[in-house]
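User: I am new to this structure and would like to learn how to read its features one at a time. Could you begin with a general idea and then turn to a case?

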Amino acid sequence: MQAALYAGAHRLQLIEKPVRKIEKDEVLLKVSACGVCGTDLKILNGKLHAKLPVILGHEFGGIVVECGQYVRTLMPGNFVAVDPNIVCGYCRFCRRGKVNLCENLQALGVDIDGGFAEYCLAPAQQCYRLPDDFPSLQAALLEPISCGLYGIRLANIQPGNSIVIIGGGMIGIIMIQLAKLFGASLIIVTEVDEHRQEWAKQFGADLVINPQKPDAEKVIFTATEGGGDVVIECAGSPQTFQQAIRLAANGGTVVVFGVSANDQTISVAPYEIYRKNLDIKGSFLNPFTFQDAVQLMISKKLRFDGLDIGYFSLQEIEKAFENQRQKKNLKTVILPHE
Ligand SMILES: [Zn+2]
Ligand SMILES: [Zn+2]
């Protein structure tokens, strides 16, 4: 099969490789669609860790073509989405139910071969069955949606709350829709890119602001009457984290969702956190949210029809990464069999 192998910083190679033998608890998937994520770009730049060498791609769905001997819940022909985050179940964090903090966590597409390939082996336990008519491009959205859902749960939005979402990319769009479901009365998105500003409006933001405008923060303070009850940082930079703290109302919650490079730091005034009585939460991965993400999509409570997705073949993987880097579309997806 063809696959995109990550072989070290800035080295992504299209290779031919045999499919390894299936384990008893695994399914072999014919990958339908696999999203290119900001995390993939950071891995390729050497800014985030991945095992070497590995086939990247952690946001994917596919058709089951073979089942290991012990697999009882799936059959060839089933369409599934994959939760890439595999936890051990026996470390101290797993045993406390904090599975995203698993000490032995292994992720498909980061530590184990993932979805930028024609075929992928995944433990059956990681697979979530989708209706046969589920749009295959949208199967690639379930992992980011499940992560967004965890972030939204941490945000603890109460009906009537005002929400500020920093960053109007794919995650921002997911957060807009989730915040609405949780009863937000006002959703403000800050975004520099003009196209993305339009998309944010189209997907339900009440107010979209270019944060580079000198009065941007003033406008947000006026609209929210003193800051957002919840600020969700989805841009992943030190500056936007600082901004999130500024934009939060007294007693507000700041969710750190965006992934910054692991060597970036900021300066904050502890007094501000103290005086504003802020609740600052990191949102890492998607513990116990994948099933609900699937349900929200199947029931169409979340809708991504008409979403601006750029799709590429596996052969075009470098072009696809470039597309994601330049933010040409809201989301970039690889279709390995096109
Ligand atoms: Zn991702
Ligand atoms: Zn564990």
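Analyst: A residue is called buried under 20% relative accessible area, exposed over 50% and partly exposed in between, with a 1.4 Å probe and protein chains only. At 16% relative accessibility, N329 therefore counts as buried. This is a predicted model, in which local features need pLDDT of at least 70 and side-chain atom pairs count only at pLDDT 80 or more, while totals for chains, interfaces and linings use all residues. Residues are numbered from 1 along each chain as its sequence is written, chains are lettered from A and ligands numbered from 1 in the order in which they are written, and side-chain values use heavy atoms, with hydrogens and water left out.

User: By which atoms is the zinc ion (ligand 1) coordinated?

Analyst: The zinc ion (ligand 1) has C37 (SG), H58 (NE2) and E59 (OE) as its donors, at 2.1 to 2.4 Å. Along the chain these donors follow the spacing C-x20-H-E. Because C37 lies in the loop between strand 3 (26-36) and helix 1 (38-44), and H58 in the loop between strand 4 (54-55) and strand 5 (59-67), the pair ties together parts that are 21 residues apart in sequence. C37 is buried, with a relative accessible area of 13%, and H58 is buried as well, at 6% relative accessibility.

User: Is D40 buried or exposed?

Analyst: D40, which lies in helix 1, has a relative accessible area of 0% and is therefore buried. Its C-alpha atom and that of L56, 16 residues apart along the chain, are separated by 7.2 Å. Turning to the loop between helix 1 and strand 4, P53 is found there, and a cis peptide bond joins L52 to P53, with omega at about -15 degrees.

User: What should helix 4 span?

Analyst: The expected span of a helix is 1.5 Å times one less than its number of residues. Helix 4 (residues 142-155) has 14 residues and should therefore span 20 Å, which agrees with the 20 Å between its end C-alpha atoms. Helix 4 is mostly covered, with 13 of its 14 residues buried, and the residue that follows helix 4 is N156, whose phi is positive, near 55 degrees.

User: At what angle do the axes of helix 4 and helix 5 cross?

Analyst: Axes are lines fitted to C-alpha atoms, for helices over the stretch in contact, and angles run from 0 to 180 degrees between N-to-C directions. The axes of helix 4 and helix 5 (residues 170-181) cross at roughly 55 degrees and come within 9 Å. Angles under 35 degrees count as roughly parallel, over 145 as roughly antiparallel, 65 to 115 as roughly perpendicular and the rest as oblique, and helix 4 and helix 5 are therefore oblique to each other.

User: Where does E225 lie, in which loop?

Analyst: E225 lies in the loop between helix 7 (216-224) and strand 14 (228-233), and its phi is positive, near 55 degrees, in a residue other than glycine. With a relative accessible area of 75%, E225 is exposed. K300, in the loop between helix 10 (290-298) and strand 17 (309-312), has a positive phi of about 60 degrees although it is not a glycine.

Technical notes. Helix = DSSP H or I, 4+ residues; strand = E, 2+ residues; numbered from the N terminus. Donors = N, O, S within 2.8 Å, 3.2 Å for Na, K, Ca; no water.
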